[in-house]
Amino acid sequence: GEEFISTNQNLPVHTAVLDLPVQVKSSSPLQGLSAGESIFGAIRTKEYGLVQFSTMADICPNMSGWDFGKDPVVKEVYFMAPITSTYVEQDDQKGIPQILTMHRTKRRIDTTTVFNNSITAADYDPQPLNVSEYLYFGGDSLRIYLHNSFGEEILASSQAERDSLNLFVENYKGIILKSSTPEEGVYGGRENTLSFGTGAIYILVDYQPTWEAGLARKDTIFTLSWGYNYCVNVSEYESSSLETDAPEQLLPYEGCAGIKPHINHSDIKNAIESWKSQMQFGDRKVIVAKGELVFPFEIPENMDMTKYPSMIYPCNRKIDTTYNAKFFYPLEDVNVSGYNIGSIDRSLCQYAMDIPSYIQDIVSKEKSEINEEYDLWLMPIFSQTDSYYNTTTYSLDCTTYYTGSLNGPAAERRPQLRLVYSVLEE
């Protein structure tokens with residue numbers, strides 16, 4: 001029936017390749033809220049300088065209705081947590097010593113902190129809660145002894161506080177876990193991860209039971225959960241000095257809130273408008289069938305690809321003035337079945353990401369309709385699959401530290417936007 005289709009209704013399909021106008025920008029502040037992982041440690045590299053990780057969580061009883069009996073005496077207090085994983089730049093750093101300290105916080109986690117890398121030194125007591133210096137060598141667990149005075153303070157809590165977790169958190173706040181940093185000029189370090197909710201504070205108490213006359217004094221352990229709903233991971237970076245609007249051969253890439261490839265909304269709009277002008281499309285409408293970002297990379301000399309994320313994808317950054325928050329989220333195209341989602345391709349040495357909806361928006365909208373919320377940040381993501389509902393969701397990876405590099409605009413294999421499109425005739 002092709003003879004019955006008017007010739008002006010045919011939509012020839014074309015392809016085009018545009019060089020991407022890429023910058024390198026810090027992605028800090030990055031949302032630190034996590035109900036999955038807590039990270040702490042420090043790493044110093046020649047390329048990126050020092051990065052420090054700390055994690056903060058509120059504390060609360062693991063159950064309501066505690067009864068401390070009569071004349072309770074605190075015998076010891078300690079924090080315990082299993083370590084889930086560690087990350088190092090060189091294998092010889094796996095067992096290095098790190099000095100860990102725990103500090104009481106002066107604020108609880110609330111809506112002003114969950115989206116921001118906003119915990120500062122003013123938000124916690126500079127005096128460590130540790131009994132003594134704690135050296136961690138990268139083992140599978142932590143056991144940090146705390147001052148008995150902390151346990152005595154908990155025992156002095158009112159029954160109302162012990163019966164209401166929210167009231168307890170409001171009055172006793174939380175604890176932040178920090179690590180020492182490598183000395184200036186010393187390269188190395190380690191990032192450590194523990195699963196949120198697995199850390200706890202144990203208070204060993206000797207007390208006189210009161211529920212029955214004549215009972216002997218006994219020992220028991222009361223437990224505080226380190227983490228009420230979620231934690232906040234905080235990170236600090238020296239790599240912002242590497243920011244540039246005109247990268248050349250390489251695009252440095254750093255995990256967490258470090259520096260990333262960044263595409264300014266005005267630059268990509270200008271690049272597309274310039275291409276449309278060269279093609280002399282005039283006022284004809286361009287229909288984008290496929291818009292693919294391709295970021296090539298070169299295999300490192302040591303062949304070590306473990307420092308590259310398994311997936312990266314363009315993200316927008318939303319600015320929420322209500323909570324003074326800035327947080328990243330992947331473009332909606334990541335959820336479309338069959339699209340390239342930025343999985344690492346080690347055979348072609350590239351990351352490819354399909355974002356046709358975003359490109360169609362940039363093509364169709366006027367410059368005045370596009371603002372900084374259309375900026376793109378190349379962020380690491382991860383997937384989670386629900387086997388019961390057979391659904392997959394994609395989220396930002398805010399806790400894994402990476403250091404690598406992608407090819408820059410001056411490289412032979414440079415970042416590109418590859419289009420498949422049609423043009424509607426007038």
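**Entry 1: two helices**

I began with the crossing of helix 4 and helix 5, which is right-handed. By the rule I used, a crossing is left-handed if the near helix is turned anticlockwise from the far one by less than a right angle, and right-handed if clockwise. I note that this is a predicted model, in which local features need pLDDT of at least 70 and side-chain atom pairs count only at pLDDT 80 or more, while totals for chains, interfaces and linings use all residues. Residues are numbered from 1 along each chain as its sequence is written, and side-chain values use heavy atoms, with hydrogens and water left out. Helices (H or I, at least four residues) and strands (E, at least two) are DSSP runs, numbered from the N terminus.

I looked up the geometry of the pair next. Helix 4 covers residues 265-278 and helix 5 covers residues 356-364; they pack at an angle of about 70°, with their axes 9 Å apart. That makes helix 4 roughly perpendicular to helix 5. Axes are lines fitted to C-alpha atoms, for helices over the stretch in contact, and angles run from 0 to 180 degrees between N-to-C directions. Angles under 35 degrees count as roughly parallel, over 145 as roughly antiparallel, 65 to 115 as roughly perpendicular and the rest as oblique.

Which residues make the contact? From helix 4 I listed Ile268, Lys269, Ile272, Glu273 and Lys276, and from helix 5 Tyr358, Ile359, Ile362 and Val363. Contact here means heavy atoms within 4.5 Å. I sorted the residues of this contact into six nonpolar, no polar and three charged. In that sorting Ala, Val, Leu, Ile, Met, Phe, Trp, Tyr, Cys and Pro count as nonpolar, Asp, Glu, Lys and Arg as charged, and the others, Gly among them, as polar.

**Entry 2: pockets**

I turned to the largest pocket, which has a volume of about 480 Å³. On a 1 Å grid over the protein atoms alone, a pocket is an open set of points with protein on both sides within 12 Å along at least five of seven lines, a cavity is a set where a 1.4 Å probe fits but cannot get out, and lining residues have an atom within 4 Å of a point. Grid points are joined across faces, edges and corners, and a volume is the space filled by probe spheres set on the points.

I found 22 residues lining the largest pocket, with Pro300, Tyr308, Thr403, Gly404 and Ser405 nearest its centre. Strand 15 (250-254) and strand 24 (403-407) are the elements that give two or more residues to this lining. Strand 24 gives the most, with five residues. The lining has nine nonpolar, eight polar and five charged residues.

The second largest pocket has a volume of about 290 Å³. Of its 15 lining residues, Gln31, Leu33, Ser395, Leu396 and Cys398 are the closest to its centre. Strand 19 gives the most to this lining, with three residues.

**Entry 3: cavities**

How many cavities of 30 Å³ or more does the structure hold? I recorded three. About 90 Å³ of space lies in the largest cavity. Its lining has 16 residues, and Leu30, Gln31, Asn233, Ser235 and Cys398 lie nearest the centre. Strand 14 supplies the largest share of that lining, four residues. By class I noted nine nonpolar, seven polar and no charged residues.

**Entry 4: positive phi**

Most residues other than glycine have a negative phi. I looked up Asn229, found in strand 14, and its phi is near 80°, a positive value. Asn390 has a positive phi of about 55° and lies in the loop between strand 22 (376-386) and strand 23.
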